[in-house]
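These are my notebook entries on a structure that I looked up. I took one topic at a time and wrote down what I found.

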Amino acid sequence: MTQPLIQMKNIEKHFGSVIALAGVSVDIHAGECHCLLGDNGAGKSTFIKTLSGVHKPTKGEILFEGRDMHFADPRDAIAAGIATVHQHLAMIPLMSVSRNFFMGNEPVRKIGPFAFFDHDLANRVTMQEMEKMGIVLRGPDQAVGTLSGGERQTVAIARAVHFGARVLILDEPTSALGVRQTANVLATIDKVRKQGVAVVFITHNVRHAMAVGDRFTVLNRGRTYGTAKRGEITPEELQDMMAGGQELATLESSLGSTV
Amino acid sequence: MSDTPQIVMDERVKQISPMRRAMIRPELGGIVGTIAVFVFFGLFAFDSGMFNSQGIMNWSVVSAQFMIIAVGACLLMIAGEFDLSVGSMIGFAGMMIAIFGVTLGWPMWVAILVTFALCIAIGALNGFIVVRTGLPSFIVTLAFLFILRGFTIFLPQVIERKTIIGGIREAAEGDWLAALFGGTIGKGFFTWMGEAGIIATFERGTRAGEPVVNGIPMLIVWALGLVVVGHVLLTRTRFGNWIFAAGGDTEAARNSGVPVNRVKITMFMFTAFCATVFAACQVMEFGSAGADRGLLKEFEAIIAVVIGGALLTGGYGSVIGAALGALIFGVVQQGLFFAGVESSLFRVFLGMILLFAVILNTYIRRIITGER
């Protein structure tokens, strides 16, 4: 058993009188896709914000490669290799793919005392990376606005990995996508995982989770029901846990198990 | 190489012809407009003296004035903000140079440097309030439009009991920094052109034999310099990428580690810098500072920028386009005078160009982003 890349132990997060997380423990391993499932309001957002350095946990500890980890702000987390890909807030539609890809990490070439944006390098790297991910671009200067939602997610993922992400947090990357685009994003997750990156895949869609997940953790009302490995759990069990069991079972019988 | 993914063109992505591709650029409106304007006046005002040395200098100076403030407004608009206090800042900066340099009798270079520092600080304050409060820059800078204009009228009245302070040219005599704003360059070249008969010379009087236009005003040098610096900054540096990102989507830019607040505040400071350059050139040329200088300049700058292809919502635009917009502006304003057209029609013309430019820009943006 290899050591987990990140261990989160009994994380609690309170916002005033509201307890958003009431003791959550999760281990995240390199080269694995860890699916974090939960219904709306289960604490998924608070959990990833804690992991990515936006929130400080009220209680509990986070170990990164066995060492205690304290992030003052999200930039620290990014520097440590924890990258978050947000559902909508990742790409700028009016800018070219190449400019988006290197946004915040622009390569520069020095000419005398002046540093210039190295467009040649940026364009070349962008085309290579897009080709690896199977996205056909008209050119590196094509605007991101012309890409589909799935392609934008893929560009965002490729960008995070290219800039050294070791833990990739994907916040509902498939929730707004069509079937074909979802398949593309899931394939991208698989590629990234094989490169040794730890993927934290947040979703409320059990089928998407089952398609790529190695481990599954269900969050419900700020608590976890433990973590199951692939093959130890069925989609139905996951679905039940997400909804809190009982109610959905009754609902399901009345709807003819289509939920 | 069997494991490289096969590049298959999506059958639903239409090939774009090179012609159409070359046309999809923010400067298109500016280029088309510039050609149209020159053809128009070439046909209707060619013999009016608009295209002899004096005429060219006439509209070049006016265009250069627009250009200086348009560069600042352009970069700020691409970064997603407006500055409506540009016009008031011009009046304020000119008045401060006059008060420091004439009324207080400071050396002119000290007066100019202190004014620059003061105005850039006010620009920074504008930016700071905008990024801290999250209020629209439209409102914040509208407040400064009134605050600065008020001070520009109030201060000279209290100090000198008048609204125009003169004597700047005398006070600036021989000053090294003032020459950077009020002087001309290329005197030898223009004298040579006059002697060679290429440009007109005075035929009588004390200056007989000297060329009518005896050099390029520093105003034009500043305008061209700012356009080049602005264009290189925007398209060829990482800071330029941050300007696009800050205006394109603030949250996405922040998530990628772009220091959005710093970028926006810097652009407010740069806009203030451009307004102060304008003011310094103006007071050196006129020899006086007036409380009503720079009125409506903020809108003229914004119009030039929009004609040049920038989006009012930020994230897209071009400094070259803004410069062309300023050129169109200057040529039309002076050209109507040369063509003998009633000058009030200038506003009608301006409104029509603006409308045409905005419609064209919207169309171009749709092609670029694939919106429908």
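How many residues does the contact take from chain A, and how many from chain B? I noted first that the model is a predicted one. I found that chain A gives 24 residues to the contact and chain B gives 27 residues.

**Entry: the side of chain A that touches chain B**

I looked up which elements of chain A supply this side. Helix H2 (74-80) and strand E8 (114-117) of chain A each supply at least two residues. The largest share comes from E8(A), with 3 residues. I then sorted this side of chain A by class and recorded 15 nonpolar, 5 polar and 4 charged residues.

**Entry: a sheet in chain A**

I next followed an open sheet of 4 strands in chain A, whose order is E2-E1-E4-E5 and whose pairing is antiparallel. I recall that strands of a sheet pair through backbone hydrogen bonds, either parallel or antiparallel. Which strands stand at the edges? They are strand E2 (18-28) and strand E5 (67-68) of chain A; each has a single partner strand, so one side of each is left without a neighbour in the sheet. For E2(A), I looked at the pairing with strand E1 (residues 6-15) of chain A: 8 bridges join the two strands, which run antiparallel. As one example of a bridge, I noted that His14(A) has Ile19(A) in E2(A) as its partner.

**Entry: two helices in chain B**

I turned to helix H10 (residues 218-236) and helix H15 (residues 319-338) of chain B, whose axes come within 8 Å and cross at roughly 150 degrees. Angles over 145 degrees count as roughly antiparallel, so H10(B) is roughly antiparallel to H15(B). Which residues meet here? From H10(B) I listed Val227(B), Gly230(B), His231(B) and Leu234(B), and from H15(B) Val319(B), Ile320(B) and Ala323(B). By class, this contact has 5 nonpolar, 2 polar and no charged residues.

**Entry: positive phi values**

Most residues other than glycine have a negative phi. I therefore recorded Arg221(A), which is not a glycine but has a positive phi of about 50 degrees, and which counts as partly exposed because it has 14 C-beta neighbours inside 10 Å. Arg221(A) lies in the loop between strand E11 (215-220) and strand E12 (223-229) of chain A.

I located Leu296(B) in the loop between strand E4 (289-290) and helix H14 (297-307) of chain B. Is Leu296(B) buried or exposed? Leu296(B) counts as exposed, because it has 9 C-beta neighbours inside 10 Å.

Definitions and conventions
Residues are numbered from 1 along each chain as its sequence is written. Chains are lettered from A and ligands numbered from 1 in the order in which they are written. This is a predicted model: local features need pLDDT of at least 70, side-chain atom pairs count only at pLDDT 80 or more; totals for chains, interfaces and linings use all residues. A residue is buried if 20 or more other C-beta atoms lie within 10 Å of its own, exposed if 12 or fewer, and partly exposed in between; C-beta atoms are placed from the backbone. Two residues are in contact if their C-beta atoms, placed from the backbone, lie within 7 Å. Ala, Val, Leu, Ile, Met, Phe, Trp, Tyr, Cys and Pro count as nonpolar, Asp, Glu, Lys and Arg as charged, and the others, Gly among them, as polar. Two strands pair if DSSP finds at least two bridges between them. Axes are lines fitted to C-alpha atoms, for helices over the stretch in contact, and angles run from 0 to 180 degrees between N-to-C directions. Angles under 35 degrees count as roughly parallel, over 145 as roughly antiparallel, 65 to 115 as roughly perpendicular and the rest as oblique.
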